[in-house]
Amino acid sequence: MERSEFRKEIVFIGVFGIFIFIWALSQPFNTAPDEHMRFWICKYLYQYHTLPHGGDPLLRDGIWGYSYAFFPILSNMLSAVFMTMVSFISTNEFVLVMAARMVSLLCGVGTAWFVLRIGDALWEGRRIYKWMFAIMTMLLPQSVFLFTYINNDSLALLATAMIIYAWILGQKSDWSYRSCFLLAAGICLCALSYYNAYGVILASMLLFGGYLFLNWRDAGMRVLLLKKGALISAVVLCGISWWFIRNGILYDGDILGLATSEEYSQIYGAEQVKPSNRQTPCLLGKNLWQMLFEERWLRTTALSFIGCFGYMTITLNKWMYLFYGGVVVVGLAGCMLSWLPGKDKRKSEIKERMFIWALLLTAIVPNVLNIIHSYFVDFEPQGRYSMPMLFSLMGFSVWGWEKLAKGRRAALFGILLVWTVFTACSYLFFLIPGVRGRIIELLVANFRI
């Protein structure tokens with residue numbers, strides 16, 4: 001990589017890191033989805049230095065009746081480390097909250113790094129599209145928002161970016177040991193982040209298996225790939241098995257914690273949110289079409305995927321949604337047209353097709369899980385549950401713009417400039433509804449050491 005290009009990347013990552021830090025700093029505690037429930041776990045780990053039971057009364061939410069400690073808490077464990085480090089300076093509550101948020105911030109910086117690596121690998125020599133991919137991915141308002149408060153989504157995004165980059169390295173190098181270890185590390189982080197990101201793990205298994213199948217007749221390559229597959233599996237099992245074994249012991253074989261959390265919700269939850277009382281579309285006798293369109297699930301999820309702050313209460317202006325959505329949809333249309341039969345038919349090799357299908361699967365699975373959850377478990381149309389498809393979605397969109405633009409760099413620069421300005425403006429939208437007036441008060445009151 002040229003030194004000038006490397007400097008541009010450092011500037012981009014640095015500015016992005018500063019931006020999300022300022023956003024996190026000016027954001028009052030628990031003005032983001034379920035941040036209080038996540039912080040309770042961080043604080044428990046910080047105070048007691050032991051892993052909690054998901055049903056611990058100190059962690060159970062008074063309304064839902066369960067805690068997130070039933071599910072993977074790796075990001076909360078890392079937050080507790082930062083809280084312990086900063087406690088030597090101050091134990092002020094908001095200082096500890098900021099320390100806990102640092103994990104999400106660092107995940108954002110790490111994700112930006114891997115997004116640039118993906119862009120370099122996919123658009124070699126065509127840097128405008130690499131930067132278009134980076135800006136559309138990292139500067140989507142909802143994407144930025146996820147890196148500013150305590151959650152597991154940020155770790156899931158970092159893990160997904162790592163895994164996709166490992167795919168590219170693996171296919172270019174016949175799965176070098178570097179790509180294998182990167183893939184294993186990404187799968188470990190993904191498995192201990194958020195269940196809705198597991199589609200990329202399934203896609204990884206199919207992609208590696210497909211590559212093995214293609215080389216099955218080559219005895220030497222077959223043996224080598226089997227060894228590398230065993231190595232990846234061993235690293236992943238060592239990295240994640242402890243958590244699921246612990247769950248199985250604590251929750252009578254419920255290694256995912258899903259069934260047990262529902263049991264606690266039924267016992268301790270408020271009447272209206274008990275699993276037996278939740279008015280899901282399924283229990284109301286509505287079909288999938290009615291949920292998606294009549295109940296506006298699709299519209300709400302799509303808009304909140306672009307950007308919806310606070311507890312789904314702070315939205316952007318309609319013309320901002322139209323711009324973001326329009327850029328992505330036009331790009332996707334161009335991508336679909338470029339792969340239609342004809343003289344411009346994309347001449348993909350088998351490995352490239354496998355990679356594309358893996359990206360498609362990574363985009364499809366989170367949405368399927370999101371729909372299933374809303375239809376059968378709890379009606380929650382939220383775009384953040386579909387966020388693991390971010391890299392695939394933007395990748396396909398940029399491929400489409402590459403086809404449509406045909407070298408019109410000025411038009412692309414214009415799109416990226418407006419995209420960046422709108423994202424900066426979205427920060428102001430978040431501050432407007434009563435929050436901005438409290439920033440100075442929060443800083444003065446909470447950062448006295």
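Predicted model: local features only at pLDDT ≥ 70, side-chain atom pairs only at ≥ 80, totals over all residues.
Angles under 35 degrees count as roughly parallel, over 145 as roughly antiparallel, 65 to 115 as roughly perpendicular, and the rest as oblique. Residues are numbered from 1 along each chain as its sequence is written, and side-chain values use heavy atoms, with hydrogens and water left out.

Helices here are DSSP runs of H or I with at least four residues, numbered from the N terminus. Helix 1, residues 3-25, packs with helix 5, residues 127-138, at an angle of about 10°, and their axes are 13 Å apart. The axes are lines fitted to C-alpha atoms over the stretch in contact, and angles run from 0 to 180 degrees between N-to-C directions. Helix 1 and helix 5 are therefore roughly parallel.

Which residues meet? From helix 1, Glu5, Lys8, Glu9, Phe12 and Phe16 meet Arg127, Lys130, Trp131, Ala134, Ile135 and Met138 of helix 5, where contact means heavy atoms within 4.5 Å. By class, that contact has 6 nonpolar, no polar and 5 charged residues.

Now the charged pairs. A salt bridge is a side-chain nitrogen of Lys or Arg within 4 Å of a carboxyl oxygen of Asp or Glu. The whole structure has 15 salt bridges. One of them joins glutamate 2 and arginine 127, at 3.5 Å from N to O. Glutamate 2 lies in the segment before helix 1 and arginine 127 in helix 5, so this pair ties together parts 125 residues apart in sequence.

For accessibility, buried means under 20% relative accessible area, exposed over 50%, and partly exposed in between, with a 1.4 Å probe and protein chains only. Glutamate 2, at 45% relative accessibility, counts as partly exposed, and so does arginine 127 at 33%.

Buried or exposed: what are aspartate 153 and arginine 384? Both are buried. Their salt bridge has its closest N and O atoms 3.7 Å apart. Aspartate 153 is in helix 7 and arginine 384 in the loop between helix 15 and helix 16, so the pair ties together parts 231 residues apart in sequence. Elsewhere, salt bridges that share partners join Glu2, Glu5, Glu9, Arg117, Asp120, Arg127 and Lys130 into one network.

Last, helix 9. Its buried residues include Val200, Leu207 and Phe208, and the buried residues of helix 9 pack against helix 7, helix 8, helix 10 and helix 15.

Conventions. Helix = DSSP H or I, 4+ residues; strand = E, 2+ residues; numbered from the N terminus. Nonpolar A, V, L, I, M, F, W, Y, C, P; charged D, E, K, R; others polar.
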